[in-house]
Every structure is written in structure tokens, then in C-alpha cells.
Amino acid sequence: KLKGSLTAMLAVGVLCFIIGLNTDASRAWGNFLVNHFFWTAISLGSVFFVALQYVSGSSWSAPLRRIAEVLLAYLPVSIVMFFILLFGTHTLYEWTHHEVVANDHILSMKTAYLNVPFFAVRNLITLGVGLFVGFLLLKNSLKQDKTGEIKFSKINTAISAPFILFFAWSFTFMSFDLIMSLSPHWFSTIFGVYCWAILILSVLATIAI
């Protein structure tokens, strides 16, 4: 019954989104973007949380780590949602309008970074690496449950250390791309840190709930 109810809710959500596109496309895509960024941040943040536990060697967090390992299951959905989001970039982002960019000195200076192909590649790399690393961490965790061998924790620690560095940079750029570039004339070097702080609080709150 629960699965049927959730499927019905999914259908209603898709229908509402389609209606929204036909009545107020700007608002519909804006809502889509906010939801995509929020749930993607929680799912990516869960991979970061798991990686952090391995790097810090904290055995107390094993029960909490199990919950975070479940949350990373949204990442494949997030990748699909990002492909859908690409259809809304022209509505959401001023820098995708070539005639606007051509007459705006600031935007024209940013075209090497703010262009749809590079935008898509950056975000897909972040999501793809997050999914791949999350899958490896989960796979080794499940193997350790069965065998009890400590080597799987050591492997996960070796994977987690470089991922944390990658995540720090990649999520910063994802924040720039998806949110800050909505106002391409404004910029902040601390914006990614704010978004990262929100991500951590959201992940911890979700795990607690």
C-alpha cells in the first residue's frame, strides 16, 4: 500500500510540474531547481558524511553511517533530474541567452565558464564521482558486515581521503553553477562555504529524523 501511495504521489507531482510549465514556466523551473539542489545536496552530503567517518576513524558513528549509506541511493535519481533541468536552463539562467551576453561586457567575459556544455560536464562529473565513490564505500561496508575483515575499512579510508578534497571543490562549483549564476552579475567567494554549511546541517538533520 505504501508503494502504491508513493507512486500516486509521484504521478501527481509530475502532473503538477507539467501544468506549471504551461502556466508559469519560470516559477515551475525555479521550484524544480530548488528541490533538485536541496535533495542532491543531502545525498552528496551523505557520501561526504560516510567518507568523513572513515577518515576520522570514528567507530562510534557506525549506526549513523548506515543511515547515511541509505541516503546516497538518491544520487541516480539526481542525475536523471539534472538532465531534465538542462531543458530549463534557458528559462532560469540569463547567461544562456546569447543576445543578452553579446550586449553585456561582464557576461561576455564569463562565457568561458558560463556556457551550457561546460555547465553540464562540471555537474555530471560531481554527481558521477559522488555516485561512484558512494557505491564503492557501500559495497565495501556490506562486505565487511559479512566477513568482519578490517581491510575493507582501510580500503574505504584510502578512497575517502581524496574524495573529501574533491567534494570540497566540486560542491563549491556546483553551488556557483546552480544557484549563484542565477544572478550572474553578482559573485561571492564565500558562497560555496555557505552552501556547504547548509548541506552539513541538512544531512545531520535528515539522519537525526
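Helices (H or I, at least four residues) and strands (E, at least two) are DSSP runs, numbered from the N terminus. The model is predicted: local features need pLDDT of at least 70, side-chain atom pairs count only at pLDDT 80 or more, and totals for chains, interfaces and linings use all residues. Residues are numbered from 1 along each chain as its sequence is written, and side-chain values use heavy atoms, with hydrogens and water left out.

**Exercise 1.** State how many helices and strands the chain has, and give its span along the principal axes.

Solution. Step 1: there are 10 helices and zero strands in the chain. Step 2: read from the N terminus, the order of elements is α-α-α-α-α-α-α-α-α-α. Step 3: the C-alpha trace spans about 60 × 45 × 25 Å along its principal axes.

**Exercise 2.** Describe how helix 1 packs against helix 2.

Solution. Step 1: two packed helices are described by the angle between their axes and the distance between the axes. Axes are lines fitted to C-alpha atoms, for helices over the stretch in contact, and angles run from 0 to 180 degrees between N-to-C directions. Step 2: for helix 1 and helix 2 the angle is about 140° and the axes are 6 Å apart. Step 3: angles under 35 degrees count as roughly parallel, over 145 as roughly antiparallel, 65 to 115 as roughly perpendicular and the rest as oblique. Helix 1 and helix 2 are therefore oblique to each other. Step 4: contact means heavy atoms within 4.5 Å. Phe 17, Gly 20, Leu 21 and Thr 23 in helix 1 meet Ala 25, Ala 28, Trp 29 and Phe 32 in helix 2. Step 5: this contact of helix 1 with helix 2 has six nonpolar, two polar and no charged residues; Ala, Val, Leu, Ile, Met, Phe, Trp, Tyr, Cys and Pro count as nonpolar, Asp, Glu, Lys and Arg as charged, and the others, Gly among them, as polar.

**Exercise 3.** Classify the residues where helix 3 meets helix 8.

Solution. Step 1: Arg 65, Arg 66 and Glu 69 in helix 3 meet Leu 138, Ser 141 and Asp 145 in helix 8. Step 2: the contact of helix 3 with helix 8 divides into one nonpolar, one polar and four charged residues.

**Exercise 4.** Find which helix gives the most to the lining of the largest pocket.

Solution. Step 1: the largest pocket has a volume of about 630 Å³. Step 2: of its 21 lining residues, the closest to the centre of the largest pocket are Gly 13, Phe 17, Phe 32, Asn 35 and Met 81. Step 3: helix 1 (2-23), helix 2 (25-56) and helix 4 (75-85) each supply at least two residues of this lining. Step 4: helix 1 gives the most, with nine residues. Step 5: by class, the lining of the largest pocket has 13 nonpolar, six polar and two charged residues.

Terms: on a 1 Å grid over the protein atoms alone, a pocket is an open set of points where a 1.4 Å probe fits, with protein on both sides within 12 Å along at least five of seven lines; lining residues have an atom within 4 Å of a point. A volume is the space filled by probe spheres set on the points, and grid points are joined across faces, edges and corners.
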